Amino acid sequence: MEPLESTPPDRRQKPSGCAEPRPRSEADPAGPPGPNPLGYADHSAFAAFGAELVYGERADGTLAHIGAVASGLACACKCPACGRTLIAKKGRRTAAHFSHHGNASGCGNNAETNAHIWAKDVLNREKRILLPAVRASVGKEVLQTYGERVFQFEHAELEKGLGDIVPDVILTTKDGRQVLIEVMVTHACGPEKIAKLRDRGLATLEIDLSRWRKSSDRHEIEQALMKGAPREWLFNRKADEAQARLATTIAERAAGAAKKAIEAKARAEAADKLREAQAQRRREDEADLIVQLVEGIQKGDAASGDHDAIARRGLLGLLVEDQNAMGFTVVNEHWQAAIIERMIEVPVDEFELPEFDVSSVLRSIDDCIAPDMPEGLALDVRAALPLELRSLDLPKNAVQSFLDHLCDHDMLRSGRRGMFMLPEARIAAVEKANAAWQIKDRRRRSSKASIDVIVDAIPVEEHGEFSLASWWTAPVPGFDLTLEELIESDQSTWEPFETALSAIRGMVEGGTWVRQTLGLPLQGELGRAGHRVAQQKEREAEEREASITRSATALLGTDGPAWATTPGAAGSTPTQLARDGAAGLTEALRVLDLHHFALAAAAAADTLATGYRQQLLADAEKGLDQATAKSFMTYHDVALGMSPWAICRDAAGLRRARIELAKWVGRERKKHNRR
């Protein structure tokens, strides 16, 4: 067999088994055959599939078309399907066809017969057909042993002689192999025929041409017959073999899977037994370890200090003496006291609000728990313990129960994720206590720092019988309270002491002397402070004196130093005022400003007076000769009470002087006229 892609035979070759064309004659009114696979131009390839019978079988076994035979019984043909005598009906009103002689109903196989004859003719001409793949399937399992291929054959024939099996077409190869072709137009092969084909081992292919039953496209139908139409094996020994192989493979696979499943189950059961045995040993070992740990615990007093501490705070009522617990190296009251003291009580000097879980509590009291004691026990391990231990809680559960107990008594509150923290009321109290402690701690640290500075600054030879250790514990002079009592006192009591102590520290660091010594050995320091004060006062007086001198020089120029040492209206010089103190310096600066202002005003007045005098002189020189004008300017005028020059310092003086000038001008004119 050739592959599907092989080149098909030349369609122009003469089909075997077909009659030679004959010329038209009166005995053959249909005329000579035309160029189609059936040999007749007036019949399309498949148009007769559903019409009357158009093929008859001659006595020599050849097939004759209705157009190639004489009318009536003279056609000498029989039915290719049933073998009965046919009569050729070739009238003018109906299409020419064969009819069964003496049986109006015929054999009922006209369409199938026409199709089979046509198929045999086409296949015999083309000598090839597409065979489908040979495959087997069981459920979703598919085994294909041969692919789709083109079958090459020698000739095709209608066959009725295979016993009681009448195949439509038999295809035979050169080497004698045969494939039976069943062409299905209206009826598919029935199960009886398929069974006979299988029993006799006849390879049979069924081609479904029902879709093309009414087609008139010759080429389309031929292509459908040879490779396009649906086709399937009614029987193929290779398909049975593939089916058997697939069934065997599936069976072997199923057997293997079953065997593996049995083996896996056996292994799983063995593993389960082993795990159970191991689990049993583990339970027993863990239970034995717990028993050994509990029996080996020696009760001690690891947390006795914590117990004493909470006793002083009055918190013993929170302890649970009869709590059912095991694994602790101390009695219940001691590990419970350790939890309160270490995790819940907040020292006033450490303002850090607690927030913890059970695990952190266990770590904080690990000195109260037996080493290697587990946190929890599985139910099967607990069941393996002696009866007297089964109801006891391990440290983790015991701690959890005690923390819940403290929550019930408002010492704690529980939050999310298993965390514990202080209630709001206790947080407020802790904040208040911490704030008070911070105030006292600042007092303590600041007072100690100041006292250390003061004592270190006093020469040792001036200490005399003073003892700092005694001073710490004795009442402070002037306050009748010890230093610690002052630190613990309220603000109104503490503040005067803090002020006095700060002043003393300032004195020993170079400041002024103080009145309160607070019982400290400060006699020598007071003298040095007084001397420092005097020196400081002198330096300050000199600086103030220099300051007024610099200011006077800046305003008055070279006359400044002389002005600073000239007594004023009160009899004191500006430098004397400045040396007396800051107020004197302020007064001296004020006087300096007034003096400078007066000088500036006088200078401005002199400038204005010069202008007015120049105007008066110009007026005089216009009305008088030059010598008389000069005499007028300097003459002491009785009416003016002074000379015109002296009175002409402003606009009013200029007006009065001009009045007198007019008199002078008038007299001088009279004298001139008398001459």
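**Grounds for the terms**

Modeller: The chain's secondary structure amounts to 21 helices and 16 strands; helices (H or I, at least four residues) and strands (E, at least two) are DSSP runs, numbered from the N terminus. This is a predicted model, in which local features need pLDDT of at least 70, while totals for chains use all residues. Residues are numbered from 1 along each chain as its sequence is written.

Colleague: How do you know how the radius of gyration of the chain stands against that of a compact globule?

Modeller: The rule for a globule is 2.2 Å times the number of residues to the power 0.38, and the radius is taken over C-alpha atoms. For 675 residues a compact globule would have a value near 26 Å, whereas the chain has 72 Å. Its C-alpha trace spans about 195 × 130 × 40 Å along the principal axes.

Colleague: Why is Asp372 called exposed?

Modeller: Exposed means over 50% relative accessible area, buried under 20%, and partly exposed in between (1.4 Å probe, protein chains only). Asp372 has a relative accessible area of 66%, so the residue is exposed. Buried residues make up 37% of the 675 in the chain.

Notes. Predicted model: local features only at pLDDT ≥ 70, side-chain atom pairs only at ≥ 80, totals over all residues. Heavy atoms only, no water.
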